[in-house]
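This briefing covers side-chain contacts and charged surface in one protein model. Please read it alongside the sequence and the structure shown here.

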Amino acid sequence: RESSPLTLQVKNKAPAEVQITAEQLLREAKERELELLPPPPQQKITDVEELNDYKLRKRKTFEDNIRKNRTVISNWIKYAQWEESLKEIQRARSIYERALDVDYRNVTLWLKYAEMEMKNRQVNHARNIWDRAITTLPRVNQFWYKYTYMEEMLGNVAGSRQVFERWMEWQPEEQAWHSYINFELRYKEVDRARTIYERYILFALLVIVHPDVKNWIKYARFEEKHSYFAHARKVYERAVEFFGEEHMDEHLYVAFAKFEENQKEFERVRVIYKYALDRIPKQEAQNLFKNYTIFEKKFGDRRGIEDIIVSKRRFQYEEEVKANPHNYDAWFDYLRLVESDADAETVREVYERAIANVPPIQEKRHWKRYIYLWINYALYEELEAKASKRTRQVYQACVELIPHKKFTFAKIWLLYAQFEIRQKNLPLARRALGTSIGKCPKNKLFKGYIELELQLREFDRCRKLYEKFLEFAPENCTSWIKFAELETILGDIDRARAIYELAIGQPRLDMPEVLWKSYIDFEIEQEEYEKTRNLYRRLLQRTQHVKVWISFAQFELSAGREESLSRCRQIYEEANKAMRNCEEKEERVMLLESWRNFEEEFGTDTTKERIDKLMPEKIKKRRKLQAEDGSDAGWEEYYDYIFPEDTANQPNLKLLAMAKLWKKQQQESEAAAMDPDKDIDESQS
């Protein structure tokens with residue numbers, strides 16, 4: 001049997017060029033749903049039998065829809081509206097009643113039912129439906145609005161008022177109350193409207209249904225609109241009393257002030273604004289400030305406008321210090337403001353609040369700004385308030401507050417003492433300074449106390465204070481110098497010299513060069529030249545500084561004797577020998593330059609030639625640099641000095657001279673190579 005091979009065709013499984021997604025299929029299906037279908041053919045009914053047959057089919061359709069899903073209220077409403085279109089009002093009522101049995105909470109159902117009755121002028125039926133609706137669902141405001149509107153349109157004002165009264169018993173929202181008020185105003189019943197406002201406010205006070213500022217403002221504006229200005233003012237005052245200081249609102253005070261402004265009561269307006277600005281926080285009173293500023297520009301003077309600016313700045317500072325009580329810069333600005341504008345009691349109150357914020361850490365750097373609050377407080381009491389007793393109390397409280405065992409402030413003690421002196425109370429001033437030195441001795445305190453006694457010409461007290469001062473700080477050269485100068489002024493030279501001797505004998509001094517200079521100047525003033533020379537020699541035993549040698553030489557030159565030049569030259573010779581081994585060559589150069597200047601003015605040609613030979617030669621050198629980690633950091637150029645006197649440096653000088661000669665020869669050969677014609681001319685010549 002021969003089997004014919006089957007021809008298999010493989011389908012092309014490659015994706016099509018145009019892809020159709022599920023989303024496109026769904027969109028296309030949705031678009032086709034919206035296509036307009038041809039309308040059904042119009043059916044013409046010619047006799048009663050056909051009409052009844054049509055009604056039967058239509059009712060059966062509606063009933064089937066209702067039976068399928070009773071909870072779909074739209075089916076009920078369509079059914080009832082169809083019956084209404086056929087003037088079958090009784091059947092439509094029956095359908096609405098059946099629907100209400102299914103869902104009596106449906107607001108639309110009640111509204112459609114009542115509207116059907118009103119359209120067909122069935123007023124009593126409509127009233128019954130509205131009564132049932134507001135009884136069943138009293139919190140649906142739409143029923144009440146529709147009911148009252150219907151009664152008002154029928155001219156039944158009393159009935160509409162009665163419905164409003166029933167509504168108010170449920171304590172509705174504020175719009176309901178305003179609707180009732182507007183209803184009464186439409187019929188010129190102002191007294192009734194006022195009574196409703198009072199009931200409304202009473203609810204706000206007792207039940208706290210609407211404790212809102214705008215309701216009070218509306219009540220007051222109602223009274224103002226009907227020219228009952230006294231009643232309006234009373235409403236505003238009651239509102240201010242009701243909200244108190246805990247729940248203050250700027251809108252209430254702005255409205256109150258504008259009312260008084262309309263009544264030309266400008267002083268009352270100003271009082272209202274100031275009262276509110278003093279109590280409402282700054283960030284909540286922007287509109288208040290703005291209106292107050294506008295008012296003052298319109299009706300106030302320059303002083304009033306300045307008061308506004310001061311009040312605004314005061315609020316800003318209050319907020320700053322409230323946010324950070326230890327921000328002493330803010331306190332300073334605040335105090336400067338109140339000092340310029342407020343009374344003494346207000347300033348004292350702010351100062352007391354400021355100094356109550358003691359730094360939490362007992363470290364001097366935290367107290368440096370704080371202590372100036374006390375100083376400014378005391379100065380204010382003394383200079384502005386003229387209250388010396390309070391000033392003394394401020395100073396005493398301040399010195400008691402400072403932890404003197406850890407640190408102190410000499411300024412506060414000195415200011416306290418100076419205050420007592422201005423009050424001609426010297427014993428208290430001395431007692432204050434003595435207490436300060438006993439508790440916390442400081443250089444400033446000693447200096448201030450000594451200066452005070454010097455001004456009083458109490459020199460014995462000054463001596464005792466200097467002794468105490470030098471026991472406390474023997475390294476203070478300035479104190480030794482001042483003590484010796486005092487004795488010099490008093491004419492006791494031996495005591496002054498003894499003080500200088502004690503001073504230079506101290507093992508540790510902060511500025512010994514100043515002390516020695518002062519001692520030497522003292523001996524020069526006394527024309528004790530031999531003692532001055534001895535002082536220089538003693539000083540040179542301690543230090544070989546070049547300035548000491550130069551000063552010694554200049555002293556010998558200024559001594560004014562015949563041998564002064566030789567003595568001066570001898571000092572320079574000694575200094576040059578002493579400084580040969582000095583590592584700082586710049587100092588030796590400084591000495592030689594000073595010596596050369598001396599020889600140029602007073603020396604001979606021989607001495608001048610000699611000093612010129614001693615002057616060093618300045619050369620440039622290179623040295624290797626190393627970084628901190630030991631690695632190479634490159635090379636550095638520096639200048640060095642080679643002195644002819646140093647025999648060790650003679651080979652270097654010879655080498656340097658040979659190098660210079662070689663360089664000169666090289667330059668000459670290069671010049672000759674650049675100009676060969678010149679060489680030919682020279683050879684011919």
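A residue is called buried under 20% relative accessible area, exposed over 50%, and partly exposed in between (1.4 Å probe, protein chains only). By this scale E237 is partly exposed, with a relative accessible area of 38%. The model is predicted: local features need pLDDT of at least 70, side-chain atom pairs count only at pLDDT 80 or more, and totals for chains, interfaces and linings use all residues. Residues are numbered from 1 along each chain as its sequence is written, and side-chain values use heavy atoms, with hydrogens and water left out.

**Salt bridges**

- The whole structure contains 29 salt bridges, each being a side-chain nitrogen of Lys or Arg within 4 Å of a carboxyl oxygen of Asp or Glu.
- One of them joins the side chains of R268 and E237, at 3.6 Å from N to O. R268 belongs to helix α14 (residues 266–277) and E237 to helix α12 (residues 229–243), so the bridge ties together parts that are 31 residues apart in sequence. Helices here are DSSP runs (H or I, at least four residues), and strands are runs of E (at least two), numbered from the N terminus.
- R268 is partly exposed, with a relative accessible area of 32%.
- A network of salt bridges links R233, E237, E260 and R268.
- R98 and E63 also meet through their side chains in a salt bridge (3.3 Å, N to O). This pair links distant parts of the chain, with R98 in helix α4 (residues 89–102) and E63 in helix α2 (residues 48–68), 35 residues apart.
- R98 is partly exposed at a relative accessible area of 32%, and E63 is partly exposed at 21%.
- The side chains of R67 and D64 form a salt bridge at 2.2 Å, N to O. R67 and D64 are three residues apart in helix α2, so about one helical turn separates them.
- R67 counts as exposed, at 58% relative accessibility.

**Aromatic pairs**

- There are 22 aromatic pairs in the structure. Rings of Phe, Tyr and Trp (its six-membered ring) pair if their centres lie within 6.5 Å; planes under 30 degrees apart count as stacked, over 60 as edge-to-face and the rest as tilted.
- F164 and Y180 are stacked because their ring centres are 4.8 Å apart and their planes lie at 5 degrees. The pair links distant parts of the chain: F164 is in helix α8 (residues 157–168) and Y180 in helix α9 (residues 174–186), 16 residues apart.
- F164 and Y180 are both buried.
- Y395 and Y416 form a stacked aromatic pair, with 5.4 Å from centre to centre and 20 degrees between the planes. Y395 lies in helix α21 (residues 388–401) and Y416 in helix α22 (residues 410–422), 21 residues apart, so that this pair too links distant parts of the chain.
- Both Y395 and Y416 are buried.
- One aromatic cluster is made up of W144, Y145, F164, W167, Y180, F183 and Y187.

**Positive surface patch**

- K368, K411, K444, K447 and K482 form a positive surface patch. Patches are made of residues with over 30% relative accessible area and no salt bridge; like charges are joined within 9 Å, and nonpolar side chains (Val, Leu, Ile, Met, Phe, Trp, Tyr) within 5 Å.
- Lys and Arg count as positive and Asp and Glu as negative, while His and the chain ends are not counted.
- K368 sits in the loop between α19 (364–367) and α20 (371–384). K368 is partly exposed, with a relative accessible area of 48%.

Note on methods:
Areas by Shrake-Rupley, 256 points an atom, 1.4 Å probe, with all protein chains shown as cover. Charge placed at Lys NZ, Arg CZ, Asp CG, Glu CD.
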